[in-house]
Amino acid sequence: MIPADLSLSVQQALAEDIGSGDLTAALIPAATQLRAQILSREAGILCGQAYAEATFAALSSTIQMHWHSAEGASVAPDQVLCTLEGPARALLTGERTALNFLQTLSGTATQVRAYVDALSGHKTRLLDTRKTIPGLRQAQKYAVRIGGGHNHRLGLYDGILIKENHIAACGSITAALQAARQIAPVLTRIEVEVENLLQLEEALTAGTDMVLLDNFPLEDLRHAVQRVAGRLPLEASGNIGVHNIAAVAATGVDFISVGSLTRNLRSLDLSLRYR
């Protein structure tokens, strides 16, 4: 599903780039028409078509875009992804913003797909986190889904995750869970982050709905899975990368969350060329 804040994201991105007007595009006669191509310079997963379309549509209703690769498709170096035609001024003004969205979201989806591929053969599902680019939370979480991952909570409003600082402020895991039960909206999931097996026992006794096992050694992850025996979901997190995610999944945890999916981002190399 396309994020509900897409139009707002595009408006804000154009506003910060154009400001009071595109001084350079004004060099081009208003009647000039151009054709262009968006090309991939490296392999990856294409994501963000709707953002590019909305960018150009906001500048001219006559720009035509024809995609040659589907959203979420694997693309190769030097592949033509899209052809465009329309007023030169609008194309030149929207070029950078459209590419910023495409490169950022394609880079996110590409990174997610690498983790999903590394999890092949395991039941464990890959989750994102709130470690996103400010202002692009919904867009990046959309890219995670396109890449084959799953969204954790979207923000602080749709789930309770009791972390170490919440526990310290409340005094204990038990106290934090008791407070959460009193204020949680109906059907809101309450998850507790624990750092060792002793804390896991307290969280289970206090009645958490889900447990986040933070920076657990593999052996402790296996113990936790055996102890819980499927009675509630277990999520592993902390220092997990493509190189070791399969080993973590092999312990039997239900979910693995990785902050670097959206935080340590390298944009996909794309370019727009005029013909």
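## A loop residue and its surroundings

Reply: Asn 239 has a relative accessibility of 66%, so it counts as exposed. The model is a predicted one, and everything below should be read as a description of that model.

Asn 239 sits in the loop that runs between β10 and α9 (245-249). Its phi is positive, at about 55°, although the residue is not a glycine. Most residues other than glycine have a negative phi. Ala 229 also shows a positive phi without being a glycine, with a value near 55°. Ala 229 belongs to the loop between α8 (218-228) and β10 (234-237). Its relative accessibility is 52%, and Ala 229 is therefore classed as exposed.

Strand β10 is the next thing to look at. It is part of an open sheet of 6 strands with parallel pairing, in the order β6-β11-β10-β9-β8-β7. In that order, β10 stands between β11 and β9. The edges of the sheet are β6 (125-127) and β7 (160-162), each of which pairs on one side only. The pairing of β10 with strand β11 (residues 255-257) is in the parallel sense and covers 3 bridges. Within it, Glu 235 is placed opposite Phe 255 of β11.

Helix α7 packs on this sheet and touches β8 (190-194) and β9 (210-214). The direction of α7 makes about 160° with that of β8.

Helix α7 (residues 197-206) also meets α8, with axes that come within 11 Å and cross at roughly 20°. An angle under 35 degrees counts as roughly parallel, and α7 and α8 are therefore roughly parallel to each other. Their crossing is right-handed. On the α7 side, the contact is made by Leu 197, Leu 200, Glu 201 and Leu 204. On the α8 side, the residues are Asp 220, His 223, Ala 224, Arg 227 and Val 228. By class, the contact residues of α7 and α8 comprise 5 nonpolar, 1 polar and 3 charged.

Another helix in this stretch of the chain is α5 (residues 164-170), which contains Cys 170. With 41% relative accessibility, Cys 170 counts as partly exposed, because that class lies between the cut-offs of 20% and 50%. Setting aside residues up to four places away in sequence, Cys 170 touches Ala 175 and Ala 176. Cys 170 and Gln 199 are 29 residues apart in sequence, and their C-alpha atoms are 15 Å apart.

Now for the other sheet, as a point of comparison. It is an open sheet of 4 strands in the order β3-β5-β1-β12, and its pairing is antiparallel. At its edges stand β3 (64-67) and β12 (270-274), each with a single partner strand, so one side of each is left without a neighbour in the sheet. The twist averages 20° from one strand to the next. Strands β1 (residues 33-40) and β5 (residues 80-87) run antiparallel and are joined by 7 bridges. Leu 39 stands opposite Val 80 in β5.

Helix α2 (residues 49-59) packs on that sheet, where it touches β3, β5 and β12, and its direction makes about 165° with that of β3. Helix α3 lies across β1, β3, β5 and β12 and runs at about 160° to β12.

Ala 52 is a residue of helix α2. Its relative accessibility is 0%, and Ala 52 therefore counts as buried. Beyond its neighbours within four places in sequence, Ala 52 is in contact with Met 65, Trp 67, Ala 98 and Leu 102. Its C-alpha atom is 29 Å from that of Asp 158, which is 106 residues away along the chain.

Helix α3 (residues 88-118) also packs against helix α1 (residues 6-18), at an angle of about 130° and with the axes 10 Å apart. The two helices are therefore oblique to each other, and α1 passes α3 in a right-handed crossing. From α1, the contact involves Ser 9, Val 10, Ala 13, Leu 14, Asp 17 and Ile 18; from α3, it involves Thr 93, Arg 96, Thr 97 and Phe 101. Sorted by class, the residues of the α1 and α3 contact are 5 nonpolar, 3 polar and 2 charged.

Conventions:
Residues are numbered from 1 along each chain as its sequence is written. This is a predicted model: local features need pLDDT of at least 70, side-chain atom pairs count only at pLDDT 80 or more; totals for chains, interfaces and linings use all residues. Side-chain values use heavy atoms; hydrogens and water are left out. Axes are lines fitted to C-alpha atoms, for helices over the stretch in contact, and angles run from 0 to 180 degrees between N-to-C directions. Angles under 35 degrees count as roughly parallel, over 145 as roughly antiparallel, 65 to 115 as roughly perpendicular and the rest as oblique. A crossing is left-handed if the near helix is turned anticlockwise from the far one by less than a right angle, and right-handed if clockwise. Contact means heavy atoms within 4.5 Å. Ala, Val, Leu, Ile, Met, Phe, Trp, Tyr, Cys and Pro count as nonpolar, Asp, Glu, Lys and Arg as charged, and the others, Gly among them, as polar. Two strands pair if DSSP finds at least two bridges between them. Buried means under 20% relative accessible area, exposed over 50%, partly exposed in between (1.4 Å probe, protein chains only).
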